[in-house]
Amino acid sequence: LAPAHPVVITLTTDFGSNDHLVAAMKGVILKINPDVQIVDITHNVGPYDILDAALTLSQCYKYFPSRTIHLVVIDPGVGTQRRPLLVSGETNYFIAPDNGVLSPIYEKEERLTVRHITAEHYFHSPISNTFHGRDIFAPCAAWLAKNSAPSSFGSEITDFVRFAMPKAKVTGNMVKGVVLKVDNFGNLVTNITAEEVPQLLSTAAQFKITVAAKDGQKEVLKFVTTYAQGAQGEPIALIGSGGCLEICIAKSSAQRAIGVTRGAEVTVLFG
Amino acid sequence: LAPAHPVVITLTTDFGSNDHLVAAMKGVILKINPDVQIVDITHNVGPYDILDAALTLSQCYKYFPSRTIHLVVIDPGVGTQRRPLLVSGETNYFIAPDNGVLSPIYEKEERLTVRHITAEHYFHSPISNTFHGRDIFAPCAAWLAKNSAPSSFGSEITDFVRFAMPKAKVTGNMVKGVVLKVDNFGNLVTNITAEEVPQLLSTAAQFKITVAAKDGQKEVLKFVTTYAQGAQGEPIALIGSGGCLEICIAKSSAQRAIGVTRGAEVTVLFG
Amino acid sequence: LAPAHPVVITLTTDFGSNDHLVAAMKGVILKINPDVQIVDITHNVGPYDILDAALTLSQCYKYFPSRTIHLVVIDPGVGTQRRPLLVSGETNYFIAPDNGVLSPIYEKEERLTVRHITAEHYFHSPISNTFHGRDIFAPCAAWLAKNSAPSSFGSEITDFVRFAMPKAKVTGNMVKGVVLKVDNFGNLVTNITAEEVPQLLSTAAQFKITVAAKDGQKEVLKFVTTYAQGAQGEPIALIGSGGCLEICIAKSSAQRAIGVTRGAEVTVLFG
């Protein structure tokens with residue numbers, strides 16, 4: 001049974017946008033299945049940066065239609081024994097190398113089936129040793145979008161690679177986390193979530209936030225609900241659209257002003 | 001009545017291409033309306049740079065099919081009282097925050113209806129305070145593309161925010177303008193247009209162009225019709241494809257050679 | 001006869017992704033032919049860099065479905081006498097200025113028809129002197145995708161511009177080539193191919209590779225089959241997915257470590 005609407009295939013890679021690599025993958029997909037809708041999530045994941053790719057995908061995959069196939073190619077182990085995976089989640093599919101890049105998906109999805117892709121008849125031939133994005137992952141996504149059964153790609157496995165996402169730690173009236181990502185505006189997105197630290201949402205709560213910058217501790221004293229609420233140059237904190245605590249400066253870059261990068265420690269002290 | 005062809009939704013944002021933000025908007029659109037064709041205009045507008053976004057959109061929207069929906073999310077006031085707008089132009093639609101980013105559209109379109117979007121049943125739920133691109137603007141575009149009537153989104157308003165685009169000034173035989181944009185080739189695109197200064201198109205006219213560079217006035221003495229007509233390293237002027245006077249250097253960057261950036265003053269002296 | 005599936009039009013330009021230029025071309029295409037599928041190959045070709053564009057396209061065009069139209073706009077001679085071309089290859093079409101940017105296509109395709117596009121009724125009107133991507137190339141691609149006969153665009157020519165791609169030279173037990181491209185990972189992609197130097201594929205062969213870096217000759221002694229096989233910081237060589245010899249460093253940038261850029265000489269000594 002063909003789907004009534006074009007199936008969406010999303011792409012997340014560290015290939016950048018200067019080379020032919022992404023286009024080769026898209027060509028392979030469209031040759032097999034010209035009716036899909038391809039959406040770029042990003043190709044600017046830092047080279048080999050599995051954590052960054054994992055975070056980016058985990059922030060947006062839920063917004064796509066059911067049956068969307070999320071193709072992730074951050075693949076430093078290409079050509080080695082690392083396995084190609086097809087993961088069936090609650091409503092979406094994921095195709096990626098077995099290197100942990102789907103860890104947040106394993107965490108967030110209630111029901112999951114993880115398969116080791118072995119069905120070589122779906123692959124592009126010949127298979128290079130260095131570009132499985134083009135030769136294995138892209139063609140599998142295209143065939144899956146054509147309504148091939150997930151079970152036809154390989155057997156279920158349970159020993160897939162999975163790493164623990166860095167979590168904030170709550171101890172008494174203190175929460176310790178890190179800057180997970182600096183966004184395009186210079187906002188510092190942390191791993192401290194309102195879900196885990198519900199006090200952050202309480203208007204009655206009083207707290208002080210400290211960021212470990214290169215040149216010492218920086219304090220953030222104002223907690224707001226929108227980016228526009230800070231005075232010029234004043235560091236503010238808010239819960240961003242992904243549910244995480246962010247350190248920001250209205251109409252400016254907190255990264256530049258505070259002088260921190262990814263990994264910087266962030267502490268919230270309540271009361 | 002469903003349209004015979006996929007409706008186009010264009011996206012113009014300052015979200016960059018490293019983060020999940022653009023993808024989240026696209027997912028939301030495709031979940032509501034899987035049959036649209038999404039076209040990126042640019043996501044590299046400078047952060048909060050309303051003027052740059054306004055200029056970029058105004059240079060290309062007319063080339064799109066009728067019924068195209070132009071979605072613009074440069075939104076420093078997200079979460080505050082600034083209103084979301086749906087603008088019906090002569091043949092296209094525009095969805096954007098009410099912060100002046102559509103000013104050139106208001107100027108160019110003869111007939112316009114501007115509506116304050118208030119119909120919350122079109123919104124993504126829950127609505128975050130910090131990402132209306134995903135929660136308000138994108139879903140409204142998707143529903144409009146699905147043939148919802150513009151009037152169903154909210155009431156007409158006339159007090160929308162509108163700023164005057166920087167215009168060149170003609171005084172006697174002198175025209176004063178500014179560099180509005182430096183393009184990817186380093187060409188300096190000014191706000192001096194052939195429409196307003198028709199002498200620029202006269203082959204008989206003689207004129208001298210001066211650019212206020214960081215290290216003094218630079219003269220441009222050669223007026224040509226194509227980029228290839230200048231000698232190596234020689235500054236040339238021409239009317240670009242958008243109708244504006246441009247200062248260029250054949251196969252090189254006028255920005256680098258002349259040492260100016262956006263906002264630099266440009267003077268044309270006739271006779 | 002309309003095609004059963006959307007025709008693909010690919011875009012390769014040096015327009016970057018900050019300006020309105022690419023979007024204007026896409027608008028023109030979709031206004032004429034709303035049913036095509038547009039795929040960006042890259043818009044980050046260096047300004048006027050015909051060789052880079054030629055290489056990028058030549059590495060990926062074969063992966064696209066038959067009837068794909070590859071639109072290439074690297075056009076320093078726009079508005080001059082340089083001709084617009086429509087090239088019919090074995091299964092794909094190419095539309096580009098006649099400046100040599102299709103040279104590798106002329107080399108790789110067995111059967112080719114090259115036409116000088118002169119049918120002005122296909123053009124966007126008025127035609128600017130400075131943006132034929134929008135006014136000539138894009139509309140011709142859209143009309144061709146609509147099933148216009150290639151012969152209706154203009155007459156066949158044989159004196160099209162063609163340059164020799166830089167080839168490796170084999171002399172006795174030595175091969176001399178150059179770095180043609182540095183990819184997003186910092187891998188140095190050379191013009192030494194396994195096709196021309198089959199010894200590279202022999203596991204029995206012994207060889208030493210030398211790269212002319214800025215600060216002297218650098219040796220590469222390890223020949224591997226996957227990027228992951230090198231020790232930390234160790235330069236390795238392999239045959240990449242395009243069939244070319246590449247100099248790499250596992251999970252790091254060979255460009256940065258070795259200190260070379262495009263054009264650097266690479267020597268392979270056998271035995």
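Start by selecting Lys181(A) and Asp19(B). Their side chains meet in a salt bridge, at 3.5 Å from N to O. The model on screen is predicted. That pair is also the whole salt-bridge count between chain B and chain A, which is one.

**Stop 1: chain B against chain A**

Keep both chains in view and show polar contacts. Across this interface there are 15 residue pairs in polar contact, both partners at pLDDT 80 or more. Now color helix α1 of chain B, residues 21-32. With eight residues, helix α1 gives the most to the side of chain B that touches chain A. Color that side by class next. The residues divide into 13 nonpolar, 12 polar and six charged.

Chain B brings 31 residues, and chain A brings 31 residues. About 2,600 Å² is buried between chain B and chain A, with 59% of it on carbon and sulfur atoms. Which residues of chain B lose the most area to chain A? Pick His20(B), Tyr48(B) and Thr130(B). Together they account for 22% of what the chain B side buries.

**Stop 2: Tyr48(B)**

Stay on Tyr48(B), one of those three residues. Phi of Tyr48(B) is near 65°, a positive value in a residue other than glycine. Most residues other than glycine have a negative phi. Is Tyr48(B) buried, partly exposed or exposed? Its relative accessibility is 21%, so Tyr48(B) counts as partly exposed. The cut-off for buried is under 20%.

**Stop 3: chain A against chain C**

Select Lys181(C) and Asp19(A). Their side chains meet in a salt bridge, again at 3.5 Å from N to O. How many salt bridges cross the interface of chain A and chain C? The rule finds one.

Show the polar contacts here too. Between chain A and chain C, 14 residue pairs are in polar contact, both at pLDDT 80 or more.

**Stop 4: the cis peptide bonds**

Go to Ser125(A) and Pro126(A). The peptide bond between them is cis, with omega near 0°. Most peptide bonds are trans. Pro126(A) is placed in the loop between β6 (113-116) and α4 (132-145) of chain A.

Now jump to chain B. The bond from Ser125(B) to Pro126(B) is cis, with omega near 0°. Look for Pro126(B) in the loop between β6 (113-116) and α4 (132-145) of chain B.

**Stop 5: Lys251(A)**

Finish on chain A, at the loop between β14 (244-249) and α5 (254-259), which holds Lys251(A). Read off the backbone: phi of Lys251(A) is near 55°, a positive value in a residue other than glycine. Is Lys251(A) buried or exposed? Lys251(A) is exposed, because its relative accessible area is 59% and the cut-off for exposed is over 50%.

Methods. Residues numbered from 1 in each chain as written. Chains lettered and ligands numbered in written order. Predicted model: local features only at pLDDT ≥ 70, side-chain atom pairs only at ≥ 80, totals over all residues. Heavy atoms only, no water. Contact = heavy atoms within 4.5 Å. Buried area = accessible area lost by both parts, 1.4 Å probe. Salt bridge = Lys/Arg side-chain N within 4 Å of Asp/Glu carboxyl O. Polar contact = N/O pair within 3.5 Å; in protein donor to acceptor, adjacent residues only side chain to side chain. Helix = DSSP H or I, 4+ residues; strand = E, 2+ residues; numbered from the N terminus. Nonpolar A, V, L, I, M, F, W, Y, C, P; charged D, E, K, R; others polar. Buried < 20%, exposed > 50% of the residue type's maximum accessible area, 1.4 Å probe, protein only.
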